[in-house]
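Please read them with the sequence and the model side by side.

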Amino acid sequence: MPELPEVEVSRMGIKPHATDQVVTKLEVRQPKLRWPVPDTLFDIEGQTIRAVKRRAKYLILETDIGYALVHLGMSGSLRVLPQATAPDKHDHVDLHLSNGKVIRYNDPRRFGAWLWQEKGGDHPALEKLGPEPLTDGFTGEYLFDKAKGKRTAIKQFIMDNAVVVGVGNIYANESLFTSRIHPKRPAGQLSLEEANTLVADIKDVLTTAIKQGGTTLKDFTQADGKPGYFAQELLVYGKQGKPCPVCGTELESVKIGQRNTVFCPECQK
């Protein structure tokens, strides 16, 4: 599943091709995605895309009358291609632009979404979201205050979009390892110092992933590219049974909130 860095790289990939371009046509081949594609989405035809933004794992295509909200779901990806490029299987949505290009959405599992919000309001999907992790609004003091009295495992806690958006399974594993915090530890037991360390490590891990993903930006203009996914240099995620990169102890795994969690029993006591 594309997580925040992958979605941010998708934003970076389509932004230079879409900004200030008029949407000449919206083509929906498969309207049955995670939610049905609303008829109101066709209001984007004839509108100029003023900005390409991101909120949590949603991409936002802003126009003067509202914005399209795009979620990549479990397997979705975006490409920027010449309009004459024939669609392949699972190419469900095309956004034709005045520069002769098309933003093409491919989603084999159809868990993604294309939605529309008129100007003057926030889409319900964006309500009740916590701060963006890479902004000044996400601090150690904020996390410490939010965690007070909470018995929830810290891994589940930082993956809660109401607490902070975009810290998915991969990056929760990595951040807790670099912070030396056991993933099952109750969130309310964190000290302010530990909260400061964890927030700093979350920011570092996400920033590094985005930089690594930047090497794949060229894929957004290739018909056979696979934007949204890229190779990453991970310390513990997916490496259970292998030696800890710090102390050499065998990495262990446990299910927390139905998600596989890898940790070092020595470094993360």
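1. G168 sits in the loop that links helix 3 (154-158) to helix 4 (169-179); helices here are DSSP runs of H or I with at least four residues, strands are runs of E with at least two, and both are numbered from the N terminus. Is G168 buried or exposed? G168 is buried, its relative accessible area being 7%; buried means under 20%, exposed over 50%, and partly exposed in between, with a 1.4 Å probe and protein chains only. Apart from neighbours within four places in sequence, G168 is in contact with E3 and M159, where contact means heavy atoms within 4.5 Å. Between the C-alpha atoms of G168 and Q240 there are 18 Å, and the two residues are 72 apart along the chain.

2. A word on the basis of these values. The model is predicted, so local features need pLDDT of at least 70 and side-chain atom pairs count only at pLDDT 80 or more, while totals for chains, interfaces and linings use all residues. Residues are numbered from 1 along each chain as its sequence is written, and side-chain values use heavy atoms, with hydrogens and water left out.

3. Strand 7 (residues 101-106) runs antiparallel to strand 5, and six bridges join the two. Within strand 7, K101 is the bridge partner of P82, and Y105 is the bridge partner of L78. Strand 7 is also mostly covered, with five of its six residues buried.

4. Strand 7 pairs with strand 6 as well, antiparallel and over five bridges. H96 has V102 of strand 7 as its bridge partner. The two strands make a hairpin with three residues between them, and in the turn G100 has a positive phi of about 85°.

5. A second open sheet has the order 2-3-4-8, with four strands and antiparallel pairing. Strand 2 (51-55) and strand 8 (113-118) are its edges; each has a single partner strand, so one side of each is left without a neighbour in the sheet. Neighbouring strands in this sheet are turned against each other by 25° on average, direction ignored. Inside it, strand 3 (residues 58-62) and strand 4 (residues 66-71) pair antiparallel over five bridges, and I60 stands opposite L69 of strand 4.

6. Helix 1 packs on helix 5 at an angle of about 45°, the axes being 9 Å apart. Helix 1 is therefore oblique to helix 5; angles under 35 degrees count as roughly parallel, over 145 as roughly antiparallel, 65 to 115 as roughly perpendicular, and the rest as oblique. From helix 1, L4, P5, E8, V9 and M12 make the contact, and from helix 5, L206, A209, I210 and G213. These residues divide into seven nonpolar, one polar and one charged; Ala, Val, Leu, Ile, Met, Phe, Trp, Tyr, Cys and Pro count as nonpolar, Asp, Glu, Lys and Arg as charged, and the others, Gly among them, as polar.

7. Helix 5 (residues 192-213) also meets helix 2 (residues 140-147), their axes coming within 8 Å and crossing at roughly 120°. That angle makes helix 2 oblique to helix 5. On the helix 2 side the contact is made by G140, E141, L143 and F144, and on the helix 5 side by L192, A195, N196, L198 and V199. By class, the residues of this contact are six nonpolar, two polar and one charged.

Terms used:
Pairing = 2+ DSSP bridges. Axes fitted to C-alpha atoms, helices over the stretch in contact; angles between N-to-C directions.
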